[in-house]
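Here is a friendly walk through one model, with a look at its backbone, its helices and its confidence. Have the structure open as you read.

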Amino acid sequence: MLSGHGTAKIAVRRKSVKRYLVNILAALGIVVGVNAQTMVRPAFEVISVKPHNPNDTSRGATFLPGGRFRSVGLPLRFVIGQALGVGFQSVRLTGGPDWISSLSSVYDIEAIAASAAIPAGLSDAAREQQMRLMLQALLEDRFKLKIRRETKELPIYAVIVAKGGSKLEKAKIEEKDCPGSEVMGIACHTFNGGRGRGIHGAAVNMADVMPFVENWADRPMVDKTRLTGLFNIQTPGWAPFQPGPIPSPGAKAEDGSDLADVPTLAELFDKLGLRMESQKDKVEIYVIEHVEKPVEN
């Protein structure tokens, strides 16, 4: 018969085994689920959530090497979108109060994972997925976020390779060269730009492109190209989907080009050797059912 002291030792040992299994699975690129009865849910170890200083003009949110996440000056809807891997303006993310989209109720978030939470050698994709789970746990804990996930058949834009073949330029580096940090001055899976400024990513894959562009589309964007690897994509801006008045002569776009010459998104993809095709498909929808302003720490 075991004493209480012996039982405690066994409990600790079992907890260590669970943590060991989590790290082994993560090292193999297998993301740990959220069933707390069978696995330890990944979570940040150190978290800071504070109201944004209105005098600070910094804006940005990113997953950083070493298991860190930082968001400064951005509405909470952007952070929620990042946690789910969907564009914050996407038609697939709905619900929630107005304040989560407002610049007047912004919170800066700093979070650091435990040293063993992100095993060395993880691919960028596996590392980011692990950190998305951590960010989801943070939002549920600090902002009481509740998301309802649904799968619906909806009109979509399927992106396929055009008859003439892809014209995408290969990136100067490969996936193996970018485990969460810049290589040769190139940031992997990172974009600059937007509808008025274009797509600018020096080492991105098609899985990166779809949620980025979906921010400005009127339907979900689904990759059906079967293209793999990293690409260097640099494009001009594109016109809004919503119809509007004809631009006045000489009107300029955000990048300085003539507004009358700004292509549609479909025309932009055409130049890349890709084609947007209207289809129906099953896509995952995220509905924000509940969220609260956090208590400052």
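Let's begin with Lys144, which sits just after helix H3 and takes a positive phi of about 50 degrees. Bear in mind that this is a predicted model.

His189, although not a glycine, has a positive phi of about 55 degrees, and you will find His189 in the loop between strand S7 (169-170) and strand S8 (192-194). Arg226 is not a glycine either, and its phi is positive at about 65 degrees; the loop that holds Arg226 runs between strand S10 (221-223) and strand S11 (231-234).

## The length of H3

## How H2 meets H3

Helix H2 covers residues 76-84 and helix H3 covers residues 124-142; their axes come within 8 Å and cross at roughly 140 degrees. The two helices are therefore oblique to each other, and H2 passes H3 in a left-handed crossing.

Which residues make the contact? From H2 come Leu76, Val79, Ile80, Gln82, Ala83 and Leu84, and they meet Arg132, Leu135, Gln136 and Leu139 of H3. Sorted by class, this contact has 7 nonpolar, 2 polar and 1 charged residues.

## Confidence along the chain

The average pLDDT of the chain is 81, and 77% of the residues score at least 70. Over residues 1-39, however, pLDDT stays under 50. For that stretch the model has 32 contacts beyond four places in sequence.

Terms used:
Residues numbered from 1 in each chain as written. Predicted model: local features only at pLDDT ≥ 70, side-chain atom pairs only at ≥ 80, totals over all residues. Heavy atoms only, no water. Axes fitted to C-alpha atoms, helices over the stretch in contact; angles between N-to-C directions. Helix = DSSP H or I, 4+ residues; strand = E, 2+ residues; numbered from the N terminus. Parallel < 35°, antiparallel > 145°, perpendicular 65-115°, else oblique. Left-handed = near helix turned anticlockwise from the far one by under 90°. Contact = heavy atoms within 4.5 Å. Nonpolar A, V, L, I, M, F, W, Y, C, P; charged D, E, K, R; others polar. pLDDT = per-residue confidence, 0-100.
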